[in-house]
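Here are my notes on this one, in numbered points.

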Amino acid sequence: MEYEIYRDTWVEVNLDAIEYNVKMMKQHIGNEVKIIAVVKANAYGHGAFQVANAALDAGATMLAVAFLDEAIALRNNGITAPIMVLGATSAQYVHIASAHNITLTIFSLEWLIEAKGYLKGEAVNVHVKLDTGMSRLGVRDEHDLVKIFDYVDDNSAFKITGIYTHFATADEKDLTYFHEQYNKFQYLINKIPQKNLLIHCGNSATGLRFPDKLYNAVRLGISMYGLSPSPEIKDELPYSLKEAFSLQTKLVHVKKITKGTKVSYGATYEAEEDEWLGTIPIGYADGWLRSLRDVAVLVNGERAPLVGRICMDQCMVKLPRKYQVGERVTFIGKQGDEYIPVDEVAKHLNTINYEVTCMISTRVPRVFVKNGTVFGVDNPLL
Ligand SMILES: Cc1ncc(COP(=O)(O)O)c(C=O)c1O
């Protein structure tokens, strides 16, 4: 099959790894606990539609996104599985959610009263969000919670199908605050009728570390992509994760430069000797930030340093020897015995792995691989 992709830079997404990571979590938490695959932010940069399908194939029963537009995009691509929105949605768009059968997150009585005015007979499913310590979104007080349930009891426009919270420190060594939040969640949900509700408090870290504290669903994000929720808990993961994301490109120009030749904007790099220099078509507009200039990339299974400033669309690599134009260059992922994990790039940027896969922009096409062959391509430019 011919795919429309003409760039020499792409993200390769291993859908087998996604399926493996979902199946391992399923095994770990047991069949009683449902998996909500978190595919917001274009599946953490991996490609929402393909990841959603892979996760559903592997046993996830629901999808979660950050806002309504992301949910509708999945519906427009033919996804029929239940989808929930984790963020806040303006009450005026409630009928849009209803029309697409999308579950919204709610956390105030005022929102319900306002939203009722926008529903003309149709109903909408909602999950109630509890703020147990994250201080982001959620009902904080038991009286407010009971009022919401009482209001919905009297209003067929809304159906509460779930209740949940989100932990701030489930991926940390010190679990004091995690337990405080967990206890608060337990206290609050005991104030309402729990029958037929999807009750979920856990993200990946909770699922991995506390499979007995999940109630009846887990919201699986980062570990579905094969990444550890934090470096701190990497050594206590109950099973090994398979990283799904790799960033690939090719040499588009190769030349020998003489000692003293300067490279890129600002002429900040000067060849210390006669050197082979490769030009690579990836730059900061693709998410490979200027601050990533001092990292190594992989060429023929060997680490080679980037040199000079990263440009908007291109950068340069110092090659250990002459290579042909077209030689594969790996920025993230494996080549031979060498490996640049997402975590290594995160460390360079002093950030978390979540940010690294999200920051590789949509102008870099995603190529999906399943059973060793290309299964699909997502190139939003074309
Ligand atoms: C509300 C909510 N639930 C679940 C997740 C998934 O968390 P993780 O990626 O750590 O599994 C996120 C991610 O940010 C989130 O915001």
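1. Let's start with a charged pair. The side chains of R209 and E236 meet in a salt bridge, 3.1 Å from N to O (the term stands for a side-chain nitrogen of Lys or Arg within 4 Å of a carboxyl oxygen of Asp or Glu). The pair links distant parts of the chain, 27 residues apart: R209 sits in helix α9 (residues 204-209), E236 in the loop between β9 and β10. Helices (H or I, at least four residues) and strands (E, at least two) are DSSP runs, numbered from the N terminus. R209 is buried, with a relative accessible area of 15%, whereas E236 counts as partly exposed at 35%. The cut-offs are under 20% relative accessible area for buried, over 50% for exposed and partly exposed in between, with a 1.4 Å probe and protein chains only.

2. Before going further, some ground rules. This is a predicted model, so to speak of local features pLDDT of at least 70 is needed, side-chain atom pairs count only at pLDDT 80 or more, and totals for chains, interfaces and linings use all residues. Residues are numbered from 1 along each chain as its sequence is written, and side-chain values use heavy atoms, with hydrogens and water left out.

3. E236 also has K173 as a partner: the two form a salt bridge whose closest N and O atoms are 3.5 Å apart. This pair, too, links distant parts of the chain, with K173 in the loop between β7 (158-165) and α8 (176-189), and E236 63 residues away in the loop between β9 (217-220) and β10. K173 is partly exposed, at 44% relative accessibility. A search of the whole structure finds 18 salt bridges.

4. Then look at D313 and R363, a salt bridge with its closest N and O atoms 2.7 Å apart. D313 lies in the loop between β16 (302-307) and β17 (315-319) and R363 in the loop between α11 (353-359) and β20 (366-370), so the pair ties together parts that are 50 residues apart in sequence. D313 is partly exposed at 33% relative accessible area, and R363 is partly exposed at 25%. Salt bridges that share partners join R7, D286, D313 and R363 into one network.

5. What does the UniProt record say about K40? The unreviewed entry annotates K40 as "modified residue: N6-(pyridoxal phosphate)lysine". UniProt positions are given in the numbering used here, feature names are shortened, and annotations may be inferred rather than shown by experiment. In the model, K40 is placed in helix α2 (residues 40-44) and counts as partly exposed, at 27% relative accessibility. Leaving aside its neighbours within four places in sequence, K40 is in contact with A64, V65, A66, E70 and L86 (contact means heavy atoms within 4.5 Å).

6. Is L251 buried or exposed? L251 counts as buried, at 1% relative accessibility, and its place is in the loop between β10 (245-250) and β11 (253-257). Beyond its neighbours within four places in sequence, L251 has contacts that include G278, I280, V317, L319, Y323 and V329.

7. Helix α3 (residues 48-57) has A48, Q50, V51, A52, A54 and A55 as its buried residues. Just after α3, G59 takes a positive phi of about 125°.

8. On the overall picture, the chain has eleven helices and 21 strands. The radius of gyration of the chain is 24 Å, close to the 21 Å that the globule rule gives for 382 residues, so the chain is as compact as a globular protein of that length. That radius is taken over C-alpha atoms, and the rule is 2.2 Å times the number of residues to the power 0.38. The C-alpha atoms fill a box of roughly 80 × 45 × 40 Å, taken along the principal axes. Buried residues make up 53% of the 382 residues. Of the contacts with a separation of 6 or more, 67% are between residues 24 or more positions apart.
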